[in-house]
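Here is a short briefing to read alongside the model. Please keep the sequence and the structure open as you go.

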Amino acid sequence: KLRYFWLRKIHSLLGVFPLGVFFVGWLILLGGQSQEGYSKGYSFFLSLPYSRWMVVLLFWIPLTVHGILGLHRAYQTGIEVPRKGTRVAYFLYLLQPITGVMALGFFSFLLITFQLGAPGGLSGREYAKWFFERLQSHLSSPLFFALYVSGFFSVIFHFSHGLWTFC
C-alpha cells in the first residue's frame with residue numbers, strides 16, 4: 001500500500017513538474033506576444049546552451065513516462081467508484097484518465113506537427129514564422145480549431161486536477 005502511494009506521487013510529479021515549468025516558461029518568454037515577440041523569445045530560448053536537450057530531458061522524457069504510467073494505471077483500475085466523496089468528486093475522478101488520454105493525443109499531434117514536421121535548419125525567427133503560419137492555417141479550419149480547443153482544455157483540466165489531487 002505504501003509502494004502504491006509513492007508510485008502515484010512519482011507519477012503525479014512526472015506530469016506536474018514538466019508542465020508547470022513549460023507553462024511558466026511559456027508565459028514569461030512567449031505568452032501573449034505577437035509573431036515578432038514570439039520570435040525573439042524562441043530565439044532567446046534556442047540561444048541557451050543545450051536548449052534542445054533541456055526540452056527532451058525536462059519535458060518529453062518525464063511526460064512520456066507519465067503517459068505510460070497513466071495509461072497503465074487507467075488500464076489496471078478501469079472505472080472505479082471511489083468509496084468516499086460526492087458525485088462531483090466521482091465525475092472529476094472519471095474525467096482525469098479521459099482527459100489524460102486526450103492530452104496525450106494532443107501532445108503527440110503537436111510533437112508530430114510542430115517539432116518533427118518542421119523543416120530542418122530553421123533559425124529561431126524562421127521557425128517562429130513557419131510556426132505562426134502553420135498554426136494560423138490550422139485554426140482557420142473548424143475541425144482543427146475544435147481539436148485545439150478540446151486538447152487545450154484537456155491539458156488544463158488534467159494538469160489542474162492532477163495538481164489538486166497531488167497536494
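**Where helix 3 meets helix 4**

In this predicted model, Phe59, Trp60, Leu63, Leu71 and Ala74 of helix 3 are in contact (heavy atoms within 4.5 Å) with Pro97, Val101, Leu104, Phe107 and Leu111 of helix 4. The residues of this contact comprise 10 nonpolar, no polar and no charged, where Ala, Val, Leu, Ile, Met, Phe, Trp, Tyr, Cys and Pro count as nonpolar, Asp, Glu, Lys and Arg as charged, and the others, Gly among them, as polar.

**Geometry of the pair**
- Helix 3 and helix 4 pack at an angle of about 145 degrees, and their axes lie 10 Å apart; axes are lines fitted to C-alpha atoms over the stretch in contact, with angles from 0 to 180 degrees between N-to-C directions.
- Helices here are DSSP runs (H or I, at least four residues), numbered from the N terminus.

- Leaving out residues up to four places away in sequence, Tyr127 touches Tyr38, Tyr42, Phe114, Gln115, Ala118 and Leu122.

**A loop residue**
- Tyr50 sits in the loop between helix 2 (35–47) and helix 3 (51–77).
- The phi of Tyr50 is near 60 degrees, a positive value in a residue other than glycine.
- Tyr50 is exposed (over 50%), with a relative accessible area of 65%.

**Reading notes**
- Residues are numbered from 1 along each chain as its sequence is written, and side-chain values use heavy atoms, leaving out hydrogens and water.
- Local features need pLDDT of at least 70 and side-chain atom pairs count only at pLDDT 80 or more, while totals for chains, interfaces and linings use all residues.

How values were computed: Helices (H or I, at least four residues) and strands (E, at least two) are DSSP runs, numbered from the N terminus. Buried means under 20% relative accessible area, exposed over 50%, partly exposed in between (1.4 Å probe, protein chains only).
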